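Please read the points with the sequence and the coordinates side by side.

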Amino acid sequence: MEKAFEELQLKDDFMFSVVMRNPKFCKPFLERVLGIKISRMEYPKSQDTIDLSANAKSVRLDIYVQDDSNSVYNIEMQTTEKANLPKRTRYYQGMIDLGILEKGENYKNLKRSFIIFVCTFDLFGEGRHIYTFENRCVQDLGLRLGDDAIKIILNTKGTMDDITPEMKNILDFIDGKEASDDYTRALEEEIESVKKNEKWRLDYMTLQMKYQEKYEQGIEQGIRVMIIDGIEDGLDSDRIKSKLIRYFSLTPQRAEEYYNQYSVEVLEGNLQTV
């Protein structure tokens, strides 16, 4: 069940995207994560989408920014564990690189990239607050490939003493603890400000409606496929309707209505084949 707009926290995808689109918050966040200073950063684009072709899966990015040293940063919030994050980082990396290079452009123009996932769980179960990955030689771990592709997994549930106090304050705040320094208090104030903004409220409600529509379309398609496949596999109507009730939590009446609706497609298809 989706949260009410007033209940959103920084760890919620919508709020994270809205707050971190502001360089006032995104820049110091990256500086604390990476332990660097960024002198200038392009204005972040929230929910940027890279869609390379009609047949390719598009990539929606929570936050995608670029600094003045030819580096790009993709920051994602992740609160559910069943998301296959390692493979997602690989896919995001490829799509970002293809989005950077124009057709026929030299590979040397690829920017240094950081894909950062902020997780509210420990993906690897080792207690670290931060897991940093880059390509190295298996036979000689000191030998870096030098492809400038870095993936970082942050864990708000870390137990090790492996990050700065400032970074720990951020992760604790994301995890639901009270603001404890100037930066997290500023984040807290910004979150409250966003909640008072009617435009953001409307955007959130519109987004939730779109998600609900896609969800319902997916359910509808699943019901249709189960009915048609069942008929083509020779299952009787009662067994198909029983499966609909079990897998989609339908009432017997709704299962009957769906069966009558989609079984006609099979009949019409057979009539056209004759």
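The points below concern a strand residue, aromatic ring pairs and charges over rings.

1. Basis of the note. This is a predicted model, in which local features need pLDDT of at least 70 and side-chain atom pairs count only at pLDDT 80 or more, while totals for chains, interfaces and linings use all residues. Residues are numbered from 1 along each chain as its sequence is written, and side-chain values use heavy atoms, with hydrogens and water left out.

2. Val118. This residue belongs to strand E4 (residues 112–119); strands (E, at least two residues) and helices (H or I, at least four) are DSSP runs, numbered from the N terminus. Val118 counts as buried because its relative accessibility is 0%, where buried means under 20% relative accessible area, with a 1.4 Å probe and protein chains only.

3. Surroundings of Val118. When neighbours within four places in sequence are set aside, Val118 is in contact (heavy atoms within 4.5 Å) with Phe16, Phe29, Ile75, Glu76, Met77, Gln78, Leu154, Leu171 and Ile174. Leu171 is 53 residues from Val118 along the chain, and the C-alpha atoms of the two are separated by 8.5 Å.

4. Aromatic pairs. Rings of Phe, Tyr and Trp (its six-membered ring) pair if their centres lie within 6.5 Å; planes under 30 degrees apart count as stacked, over 60 as edge-to-face and the rest as tilted. By this rule there are 11 aromatic pairs. In one of them, the rings of Phe25 and Tyr183 have centres 6.5 Å apart and planes at 50°, so the pair is tilted. Phe25 lies in helix H2 (residues 23–34) and Tyr183 in helix H5 (residues 182–195), so this pair ties together parts that are 158 residues apart in sequence. Phe25 counts as buried at 1% relative accessibility, and Tyr183 counts as buried at 8%.

5. A stacked pair. Tyr258 and Tyr262 form a stacked aromatic pair, with 6.2 Å from centre to centre and 5° between the planes. Both lie in helix H8 (residues 252–273), and because they are 4 residues apart, about one helical turn separates them. Tyr258 is buried at 9% relative accessibility, as is Tyr262 at 6%.

6. Cluster and charges. Phe5, Phe14, Trp200 and Tyr204 are linked into a cluster by ring pairs. The charged end of Lys199 sits over the ring of Trp200, 4.5 Å from its centre; a charge sits over a ring if NZ of Lys or CZ of Arg is within 6 Å of the ring centre and within 35 degrees of the ring normal. Likewise, the charged end of Lys241 sits over the ring of Tyr259, 5.6 Å from its centre.

Notes:
Buried means under 20% relative accessible area, exposed over 50%, partly exposed in between (1.4 Å probe, protein chains only).
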